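I opened this entry to look up how the parts of the model pack against each other. My notes follow in the order I took them.

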Amino acid sequence: MTGRGSPSRFLAAVLHNGVGRYVRQLQRLQLLFSPTAADARGARQFVEETALDFARRHPDVVLYVSARSDGAPRLLAEYLNGTVREVLVTSKTSEEIAQLATKLAGQSGLDIVRIRKPFHTANPSVQGQWHPLTNKPSALTVQGPRLQPQ
Amino acid sequence: AGRRALGLEEAAALRLRDNRDLAGRGTAFSRSYLARCFEGAHPALPAEGRAALVDFLTSRELVSYVARNLAVQDLTLCSEFPVPPDVLQRTFFAVIGALLDSSGPEKAGVFVRASHFQSDTLDFFIPQLIGKDLFEIWEVINPMGLLVEELTKRNISSPEPRITRQLGVSTVLPLYFVGLYCDKKIIAEGPGETLLAAEEEAARVALRKLYGYTENRRPWDYSKPKQGLAAEKAVSSN
């Protein structure tokens, strides 16, 4: 599948995050799991052991823990620009879930698609972009005096 | 149930009233603070230019876009969804107004209040100017007239336009580069499809250079809040 077949975007930051101040783009993280199901064991361990630690390390993220989900255990990440990302954590260990949560906390809410270029700038040219008439003598250039032979 | 409805309505009305006051205070302070920022950063820019920049930064589209990406939509209490842009704008300014009031006079002085607020405005509004050209924001109908005014203010003779380069004059897509010369020294050169368009573009380039709003200017300094004392005076006057 070529790049044209799947969506892509340019490298960007939400609201030029980082230019003025850096605001963590993850708004809230919801961990939904079942208190009895076997595949939610990692989630339960995460809640018991690492969740508080994670919350302390990321004070600007709100962590909700809900033990009444009927479906598979999942992490729901909501970002400042409104994107909601759901990641299933079925049969994942507590460390894996912690890693996943940290990864989600570092992401912005922009789509996870192919990034066309790994760079972006608003001012690509400092001295002025070249065009075919740069460095060509203008119609008004005054010819300088020819050096007299010594 | 009737009493409850009345109670709810009263509470809602109170909240709405607070919002309007707070929003008014927030808007007024944002505008004055941004105006001061631009005075400091681009001293050559005239008052209409600064007003155009401030109007653009406090316009409904931009403020609602900023508010939407800061999750202010989740905070607003509104009966419609998605929240309409003017409500978002009012709510965002109300938040700013509330920030203005929150650290009250009992805290460590007016400067603390001013500095918190300054850095908020600085960091969320001013990056929206990145990549924007001055004349995209400020509509100028007669750039040549404005240029002549600016040059007479600086005691420079009025510009003489000359064609510097031309390509494809007899084709359907000609390109003229018109240079503006003051005292036989070039101040700006601009391209255009017709001679008039090229002259206008050259006038705009000259204005950008005069006002110091070129694309290759020094980027905005976000390191510390600007003009803390000036903003403090504005706070006390408001």
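**Domain against domain in chain B**

I began with the buried area, meaning the accessible area (1.4 Å probe) that two parts lose on being put together, summed over both. Domain 1 of chain B and domain 2 of chain B bury about 320 Å² between them, with 61% of it on carbon and sulfur atoms. Ala44(B), Leu45(B) and Pro46(B) supply 82% of the area that domain 1 of chain B buries against domain 2 of chain B, more than any other three residues.

I noted the ground rules next. This is a predicted model, in which local features need pLDDT of at least 70 and side-chain atom pairs count only at pLDDT 80 or more, while totals for chains, interfaces and linings use all residues. Residues are numbered from 1 along each chain as its sequence is written, chains are lettered from A and ligands numbered from 1 in the order in which they are written, and side-chain values use heavy atoms, with hydrogens and water left out.

I checked the bounds: domain 1 of chain B runs 16-131 and domain 2 runs 143-211, as an automatic or database domain assignment gives them. In contact (heavy atoms within 4.5 Å) are 4 residues of domain 1 and 4 residues of domain 2 of chain B.

I looked for salt bridges (a side-chain nitrogen of Lys or Arg within 4 Å of a carboxyl oxygen of Asp or Glu). Between the two domains of chain B I found 0.

**Chain A against chain B**

I moved to the chains. Here 23 residues of chain A are in contact with 26 residues of chain B. The two chains bury about 2,100 Å² between them, 60% of it on carbon and sulfur atoms. On the chain A side, Leu15(A), Arg21(A) and Leu133(A) supply 33% of the area buried against chain B, more than any other three residues.

How many salt bridges lie across the interface of chain A and chain B? I count 2 salt bridges there. In one salt bridge, the side chain of Arg21(A) meets that of Asp123(B) at 2.8 Å, N to O.

**Cysteines**

Cys37(B) counts as buried because its relative accessibility is 0%. Cys182(B) also counts as buried, at 5% relative accessibility.

Definitions and conventions: Buried < 20%, exposed > 50% of the residue type's maximum accessible area, 1.4 Å probe, protein only.
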